[in-house]
Amino acid sequence: MKTKEKILQKLRTAPGTFFSGEDLRAELGISRTAVWKNIQTLREEGFSISSVTNRGYALLEEPDILTEESIRASLSTRQIGQALRVFSVTDSTNNEAKRQALQGVPHGTVFVAEEQTGGKGRLGRNWVSPPGLGLWFSLLLRPHCTPQQASRMTLLAGLAVCRALQKEIKVDARIKWPNDIVIGSRKVCGILTEMGAEMEQIEYVVIGIGINIHDGCYPPELKERAVSLDEATGKTWNRAAVLRAILTEFEEILQENERCGLQTLLSEYRSQCVTLGRTVSCSRPDGEIRGQAMGITEEGELIIQTENGEKAVIYSGEVSVQGFYGQK
Ligand code: BT5
């Protein structure tokens with residue numbers, strides 16, 4: 001590790017706290033001038049570091065760049081994100097993950113891009129992913145489950161994003177079934193899951209997550225339906241920090257799932273899901289269904305009580321919820 005990274009590592013242990021130049025010098029075995037020079041380099045790279053005579057140096061703010069180093073800083077997961085591929089530009093991090101899945105990259109590998117030129121939504125739609133403004137990333141998982149059970153992984157990823165935004169950003173983020181994360185009635189995050197499987201056995205699952213962080217993430221015509229974290233909170237968020245919070249929650253949730261099974265997590269999902277109890281409509285090949293969203297099954301399907309009193313179970317697809325995304 002370079003000297004400047006060692007200094008940064010030390011300052012990061014307690015952001016905002018002063019570390020004396022003398023202590024840094026002694027700990028790293030360098031001169032005080034070398035400490036100062038490295039601090040200057042870090043400042044040139046965008047780190048905001050305060051220096052006060054007799055107190056030393058304190059890290060105030062990190063630059064909002066996505067690099068392996070910025071993401072790894074204080075990432076305490078054991079699997080998720082331990083292998084990390086960062087791109088300044090790619091077509092789609094989901095495509096990237098699928099390409100590399102075939103070459104054997106391990107469970108938990110994360111693919112992140114500053115910009116996607118062909119960001120994908122569900123059902124062939126596109127996902128606008130301009131450079132530097134959002135978090136566009138994919139998780140590669142190799143779970144031991146059947147293709148039918150794989151959709152659970154997506155639910156768990158949605159729950160991880162929801163938890164992370166509530167804890168880290170302190171914003172009232174909720175889940176819109178199956179996988180949108182909303183703040184108020186607008187979408188802050190979308191999830192696209194793809195998989196490679198044999199008949200009975202999953203080879204890999206790729207969970208692609210797009211989160212609007214800064215202003216300008218989505219085109220103006222989506223302003224009724226979309227929102228960014230900065231907009232929702234009036235602050236400016238550091239993308240690497242948000243990513244770390246999500247990876248940490250996701251690993252924790254996967255462990256909870258192993259330890260205690262899906263039940264508790266499903267009840268948490270239901271309690272965070274804004275779709276339940278609302279009037280919804282869903283178009284299916286056999287016509288449109290309208291009714292009340294009543295529940296979510298063990299497999300993550302949505303149960304709708306239709307207007308003529310029947311129950312319908314929706315596995316996937318488009319469900320509009322009254323009051324959300326500009327729906328009357
Ligand atoms: C989704 O699709 O919500 C899944 C989005 C997944 C994106 C991630 S980014 C990393 C990974 N790599 C990829 O290529 N994809 C994943 P869907 O529910 O179909 O929503 C798509 C619709 O959302 C579009 O038709 C637009 O109306 C709208 N949209 C597009 N860009 C948006 C944005 N940045 N923010 C909010 N809404 C957006």
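This is a predicted model: local features need pLDDT of at least 70, side-chain atom pairs count only at pLDDT 80 or more; totals for chains, interfaces and linings use all residues.
**Entry 1: who surrounds the ligand**
I began with the neighbours of the ligand. There are 26 residues around the ligand, and those that come nearest are Ser-92, Gln-116, Lys-120, Arg-125 and Lys-187. Sorting the shell by class, I got 10 nonpolar, 12 polar and 4 charged residues.

Next I looked up some N and O distances. The side chain of Ser-92 has an N or O atom 2.8 Å from an oxygen atom of the ligand. In the side chain of Asn-212, an N or O atom is 2.9 Å from a nitrogen atom of the ligand. Val-128 takes part through its backbone: an N or O atom there lies 3.0 Å from a ligand nitrogen.

**Entry 2: cover and pocket**
How much of the ligand does the protein bury? I found 93% of the 790 Å² that the ligand exposes when taken alone. I then checked the pockets, and the ligand takes up the space of the largest pocket. For the shell around the ligand, I noted that α5 (93-101), β5 (134-141), β8 (186-197) and β9 (202-212) are the elements giving two or more residues.

**Entry 3: a salt bridge at Lys-120**
My count of salt bridges came to 25. I picked out the one between the side chains of Lys-120 and Glu-194, at 3.1 Å from N to O. Lys-120 sits in the loop between β4 (109-116) and β5, while Glu-194 belongs to strand β8, so this pair ties together parts 74 residues apart in sequence. A friendly reminder to myself: Lys-120 is also among the residues that come nearest to the ligand.

How values were computed
Residues are numbered from 1 along each chain as its sequence is written. Side-chain values use heavy atoms; hydrogens and water are left out. A residue is near a molecule or strand if one of its heavy atoms lies within 4 Å of it. A polar contact is a pair of N or O atoms within 3.5 Å; within protein, one must be able to donate a hydrogen and the other to accept it, and residues adjacent in sequence count only if both atoms are side-chain atoms. Accessible areas come from the Shrake-Rupley method with a 1.4 Å probe; for residues, only the protein chains shown count as cover. On a 1 Å grid over the protein atoms alone, a cavity is a set of points where a 1.4 Å probe fits but cannot get out, and a pocket is an open set with protein on both sides within 12 Å along at least five of seven lines; lining residues have an atom within 4 Å of a point. A molecule sits in a cavity or pocket if more than half of its atoms lie within 2 Å of its grid points. Helices (H or I, at least four residues) and strands (E, at least two) are DSSP runs, numbered from the N terminus. Ala, Val, Leu, Ile, Met, Phe, Trp, Tyr, Cys and Pro count as nonpolar, Asp, Glu, Lys and Arg as charged, and the others, Gly among them, as polar. A salt bridge is a side-chain nitrogen of Lys or Arg within 4 Å of a carboxyl oxygen of Asp or Glu.
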